[in-house]
Amino acid sequence: MTVLAQVPTGSGQPPPTPPAARSGRHRLLPYLLLLPGAAWLLIFFGVPLLQLAAASLYDPSGSLSTGYAMTWAFGNYPDVLQAYWPQFLRSFGYAGVALVLALLLGYPLAYAIAQKAGRWKNLLLVCVVAPMFTSFLVRTLAWKTILSDNGALVGVLRDVHLLAPDGRLLATPFAVVLGLTYNFLPFLVLPLYASLERLDHRLLEAASDLYASPVQAFRRVTLPLSMPGLVAGTLLFFIPASGDYINAELLGTPNEYMIGNVIDSAFLVRLDYPQGAALSFLLMAAILAVVFGYLRRAGTEEVL
Amino acid sequence: MRVSRWLADRWVMIVALLVLGYLALPILVVAGLSFNRPSSRLSYDFNEFTLDNWRQPCATSDMCDAVVRSVQIGFIATVVATVLGTLMAFALVRHRFRGRSGVNVLIFLPMATPELVMGTSLLALFVSAGVPLGFWTIVIAHVMFCVSFVVVTVKARLAGMDRRLEEAAMDLYASEWQTFRRITLPLVLPGIVAAALLAFSLSFDDFIITNFNAGTTVTFPMYVWGAAQRGIPPQVNVIGTAMFAIALLLVGLSSLRGRRARRADLLAGPAPAHPARRSS
């Protein structure tokens, strides 16, 4: 291993310049390789963001057919915030509750696969990603069947009086949060698994030799060592969950609408581009604020 | 007492299996519903067993058109994104150049941006540039969000590769092109294939970004979205189940191949350390 460590493998740090790289052709080569992909990302990812920023400042009284005038209408932002703050709060509320649920479900799952599964490890990992093998929308619609008023689940819950005789699961906040948790759980479990897999079991044995209770060993050894995966998984879960509107649309009612539903209808139904653009930007700003605030507290900025 | 002891030892595994059940449940329901004859167009409940949906998957021809269109878009987007992303991965792993960290940020950002923002911003661009929305705007969007995932996947494979193999080829008078063709490409190929499969599945299943940039073009997810309001034909579940089976088959085949390759390695005897090969 020590010998290998001295052999440049190209991972992490750039490899030493090979002799050929001194010629002019080779100095240009990396740029030629990067050009098509970077140009694509700049034109179709970077420029659109600027265009969206511009659109968010258009005169709100214009329309798609008559054209919009650029009036630097910063007032669009307070306007949309005032009109749609409940949906904003709801987005982050639902995504937050779903995240807590996903952590409670996902941590034991990742831990069991990483540390307890033995030769079943790969099979269980396939089971974690298996939902992604079928269409996102089709499997979300399947929850409509599972939570249906005539379904077995509602029947049982009504029989044991956990649900009122006319109580429903579908078209409630519960259904939306359940759907969010389900749809994005694999994104949380996979990075968490990757961290926990590297956890050296002997550290836990050492902890228990030193009279740590299982709870203490978890809090002082396992949890800190799984932090990078926990942070990455949390972000991979939270970013798509707070911007999602499919679950709210299919499993909820307009009372459960999240900010994504509002943005969707602003662009595709009401054709109010300044409003939609301002909302999109606010969503991105809010997510970035949450992400960076969280990364700061978690203290593991290297995950980025 | 013994029961509680057993539970204490195994509760993590029990919870894990329950969670896996939660993840598997909708798939089982989709498979079950593919054999259902619904009582009405808007009903999601299981009514009556039938094989009709599997016998005539294209009874609603709109849906099959949408599936074909999704495959076409997925194919084109995958080819373009895989080529662009692989070139970028080579540049990033194999070359030292100025502006490298900027490029890394450019690749990372699309993966961290909410899909909603990417979809709406691209729509704002297309509308202001007067580009008509349709098949090709969807392809452009799909290439955009697939490229980053291709770069990351191919980069991981390239970084784990043993460069001494290429140096050995060059020492044996292979030209640069021969070295690339005979050594580098075959070794990186599994990474490129994995990246292409990932890109295809991302493209085929994308709804949010497509929804904003499709105009009147209907992909399979768009079809399902529209049908959710008008009533879902049960054949949608046939497609969902078939997709699942095909993906599972691909995973099974690749793990079988991996196992055979490992066995061949063992038979070849204790080779000198190949950290790259073993870790892949």
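The model is a predicted one, in which local features need pLDDT of at least 70, side-chain atom pairs count only at pLDDT 80 or more, and totals for chains, interfaces and linings use all residues. Residues are numbered from 1 along each chain as its sequence is written, while chains are lettered from A and ligands numbered from 1 in the order in which they are written.

Chain B comprises 12 helices and zero strands, where helices (H or I, at least four residues) and strands (E, at least two) are DSSP runs numbered from the N terminus. Its radius of gyration, taken over C-alpha atoms, is 24 Å, well over the 19 Å that the globule rule gives for 280 residues, so chain B is more spread out than a compact globule. That rule is 2.2 Å times the number of residues to the power 0.38. Along the principal axes, the C-alpha atoms of chain B fill a box of roughly 70 × 70 × 40 Å. Of its 280 residues, 40% count as buried, meaning that 20 or more other C-beta atoms, placed from the backbone, lie within 10 Å of a residue's own.

Turning to the interface, 77 residues from chain B and 74 residues from chain A take part in the contact, with two residues in contact if their C-beta atoms, placed from the backbone, lie within 7 Å. Helix α1 (residues 2-33) of chain B supplies 15 residues, the largest share of the side of chain B that touches chain A. That side has 59 nonpolar, 10 polar and eight charged residues; Ala, Val, Leu, Ile, Met, Phe, Trp, Tyr, Cys and Pro count as nonpolar, Asp, Glu, Lys and Arg as charged, and the others, Gly among them, as polar.

Within chain A, two backbone positions deserve a look. A:H161, in the loop between α6 (152-159) and α7 (173-197) of chain A, has a phi near 65 degrees, a positive value in a residue other than glycine. A:H161 is exposed, with 9 other C-beta atoms within 10 Å, the cut-off for exposed being 12 or fewer. A:Y211 sits in the loop between α8 (201-209) and α9 (214-225) of chain A, and its phi is near 70 degrees, again positive in a residue other than glycine. A:Y211 is exposed, with 7 other C-beta atoms within 10 Å.
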